Structure formats: C-alpha cells, structure tokens
Amino acid sequence: MNNKSRLIPKSKMWISLTIIFLPVLILIFLKSTDFDELLDFSKLSKITVSISLVGMFLLFMTQWTKDDGDEMYLQFRTIACLQGLIYAIFFILSMSLFSIFDNEIIFFESTDFSAHSILIMILLWMLYSLGSNIYKAKKELNKNE
Amino acid sequence: MKTRKILIPKRNIWISLSLIIIPIIFLVLLRIFNFLDFETYGKIVTNLIASTILLGMLLLFITQWTKDDGDEMYLQFRLISSLSSVFFGVAFLLVNSIWDLVTLSFTDFGIHNSFFLMFMILWWQLFVFGSQVYKLRKELTKND
C-alpha cells in the first residue's frame with residue numbers, strides 16, 4: 001500500500017530515539033560541566049527541544065506493526081492528530097479561563113506558555129493516543145486468536 | 001458511516017464562523033475604545049479571545065464540507081493536513097530557534113508564543129485541507 005512506503009521501518013527506530021535523547025543528554029552534559037556559561041543557554045535549549053520534537057514526530061511516523069499503513073492505522077493516526085490539537089486548544093482555553101479567577105495576576109504569567117511546551121504536549125498526546133490504540137488492537141487480535 | 005456522525009453539518013457552519021468573527025470584532029471594539037488595560041486584565045481578555053478563535057478554527061476543520069465528506073478519502077485528507085500542520089509547527093520552531101541563535105533578540109516579537117504557534121498550525125491545517133478538497137472538486141467537475 002502507498003501509505004506503508006511513507007512510514008519509517010521499525011528497524012530504523014534508533015534514529016528517532018537518538019534524535020530525541022541525544023540533544024537532551026548533550027544539554028545536561030553542558031549544564032553539568034558549566035559550559036553553559038559560555039553560551040546563551042536559553043537559545044541552546046530551544047534548539048535542543050526543537051530537535052527532540054523532530055524526533056518525536058519521526059517516532060509517530062514509525063511503522064509499528066506489520067500491517068501498519070492500512071485504513072485502521074490511518075484512522076488511528078487521524079484520531080491521534082486531532083486529539084492532540086483538541087487537547088492543546090482546550091488546555092490553552094482552560095488556562096486562560098483559570099487566569100480570570102487569579103486576582104493577583106501571578107498565575108497568568110505561567111499561562112503565557114512557550115510554543116515549545118505546547119508542541120511537546122501535542123506530540124506526547126499524539127504518541128500516547130496512537131500507542132494506546134495500537135496496544136488495544138493488538139490485545140483484541142490476540143484474544144481472537 | 002460512523003465518521004460522518006462526528007462531523008458538524010455544513011448548515012451549522014455559522015457556529016464556527018461566529019466563534020471566529022465575533023471575538024475579533026469584540027477585540028477590535030475593545031481596542032478602539034481603549035478598554036484593554038494590558039497592565040491588569042488586558043492580557044487575560046486577549047488570551048481568552050485567542051482561545052475562542054482557535055476553537056472556532058478547529059470546528060471549521062471538522063465541518064462536513066461535501067455530501068460524501070466522511071469517507072476514507074476525506075479521512076486521508078484530514079490526516080495529511082493534520083500531520084503536515086504538526087510537521088509545519090515543528091519545522092517552524094526549529095528554524096526560528098536556529099534563527100534566534102544566529103541573530104539577536106528575535107524572541108521579542110513573540111514568535112515563540114503558544115497562541116501564535118497554534119494559530120499558525122490551525123491555519124496551515126485548514127489551508128492544506130481546503131486546497132485538497134478544492135482540487136478534488138475541480139477534478140470531479142472536469143470528469144463530469
């Protein structure tokens with residue numbers, strides 16, 4: 001099927017995992033060895049998070065099972081994507097609503113979430129939703145066998 | 001079909017559009033009459049308005065545009081547009097972070113704000129989905 005060729009084979013999953021964890025490890029290493037004093041740490045951490053986000057996206061596009069790529073998995077991915085976006089919008093909306101009741105306007109500083117944090121939440125939710133759907137389908141198949 | 005039930009009928013499109021347009025008009029009026037005090041509650045009001053607009057854009061995305069909207073092809077269109085929008089968001093942040101490292105004080109513009117990013121993502125999603133539906137419609141009328 002056409003969709004299968006677009007997905008990344010499971011054997012190449014190490015690439016996604018390396019892209020996620022290696023930048024974080026480098027950042028921790030830089031922080032622990034006081035290298036960060038020489039660099040602008042906030043800018044460096046932004047790049048690190050962005051690279052990790054690419055890794056998370058690649059993980060989402062990995063072919064998890066042999067029949068991954070057919071209509072059922074297509075539906076799983078669509079549901080996961082939509083859920084991620086709905087989750088982010090409701091999160092932003094509820095945080096904005098919460099800030100109304102904050103009289104001293106201390107909390108609303110934290111409602112000004114960075115774009116990176118919101119995208120991490122979206123991708124985490126997408127991965128969680130896809131993973132749980134695939135797990136449920138696998139369990140159902142095992143039960144039928 | 002099951003997916004069709006999830007979608008919002010086209011005759012209810014006014015809900016999505018009013019969720020987008022009314023908050024903008026409200027914001028413009030507040031700005032004109034100088035009701036927005038950014039030192040106190042102005043930011044909260046703008047955040048709320050921005051969230052409502054985002055909600056309206058999402059509802060617009062899950063509207064049933066054509067009669068056969070809900071079958072596998074449209075499901076694939078929605079998947080492609082959602083995936084490309086998330087990919088667009090990730091690439092946008094990566095490029096901006098690199099740009100931020102090279103140049104100075106680019107963040108002051110507020111490009112790393114979550115509302116701005118969500119707006120860009122949803123805009124891209126609607127654009128990709130709309131263009132795909134438009135192309136299909138054109139193809140169908142050509143064949144007829």
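Q: What makes a crossing of two helices left-handed or right-handed?
A: It is left-handed if the near helix is turned anticlockwise from the far one by less than a right angle, and right-handed if clockwise. Helix 4 of chain A and helix 4 of chain B cross in the left-handed way.

Q: What kind of model is this?
A: It is a predicted model: local features need pLDDT of at least 70, side-chain atom pairs count only at pLDDT 80 or more, and totals for chains, interfaces and linings use all residues. Residues are numbered from 1 along each chain as its sequence is written, while chains are lettered from A and ligands numbered from 1 in the order in which they are written.

Q: How many helices and strands are there in chain A?
A: Chain A has 6 helices and 0 strands. Helices are DSSP runs of H or I with at least four residues, strands are runs of E with at least two, and both are numbered from the N terminus. Along the sequence the pattern reads α-α-α-α-α-α.

Q: Why is helix 4 of chain A called oblique to helix 4 of chain B?
A: Helix 4 of chain A packs against helix 4 (residues 72-102) of chain B at an angle of about 45 degrees, with the axes 9 Å apart. That angle makes the pair oblique. Under 35 degrees counts as roughly parallel, over 145 as roughly antiparallel, 65 to 115 as roughly perpendicular, and the rest as oblique. Axes are lines fitted to C-alpha atoms, for helices over the stretch in contact, and angles run from 0 to 180 degrees between N-to-C directions.

Q: Which residues meet where helix 4 of chain A touches helix 4 of chain B?
A: Among them are A:Leu74, A:Thr78 and A:Leu85 from chain A, and B:Leu75, B:Leu79 and B:Val86 from chain B. Two residues are in contact if their C-beta atoms, placed from the backbone, lie within 7 Å. Ala, Val, Leu, Ile, Met, Phe, Trp, Tyr, Cys and Pro count as nonpolar, Asp, Glu, Lys and Arg as charged, and the others, Gly among them, as polar.

Q: How many residues of chain A are in contact with chain B?
A: 35 residues of chain A are in contact with 33 of chain B. Helix 4 of chain A gives the largest share of the chain A side, 17 residues. That side has 23 nonpolar, 8 polar and 4 charged residues.

Q: What makes helix 3 of chain B roughly parallel to helix 5 of chain B?
A: Helix 3 (residues 42-61) and helix 5 (residues 114-143) of chain B cross at roughly 20 degrees, and their axes come within 10 Å. The angle makes the two helices roughly parallel. Their crossing is left-handed. The contact includes B:Leu54 and B:Phe61 of helix 3, and B:Phe115 and B:Leu122 of helix 5. It has 12 nonpolar, 2 polar and no charged residues.

Q: Where do the domains of chain A lie?
A: Domain 1 is 1-63 and domain 2 is 65-145. Such bounds come from an automatic or database domain assignment. The contact takes 12 residues from domain 1 of chain A and 11 from domain 2 of chain A. On the domain 1 side, the largest share is from helix 3 of chain A, with 7 residues.

Q: What share of chain A is buried?
A: Buried residues make up 26% of its 145 residues. A residue is buried if 20 or more other C-beta atoms lie within 10 Å of its own, exposed if 12 or fewer, and partly exposed in between, with C-beta atoms placed from the backbone.
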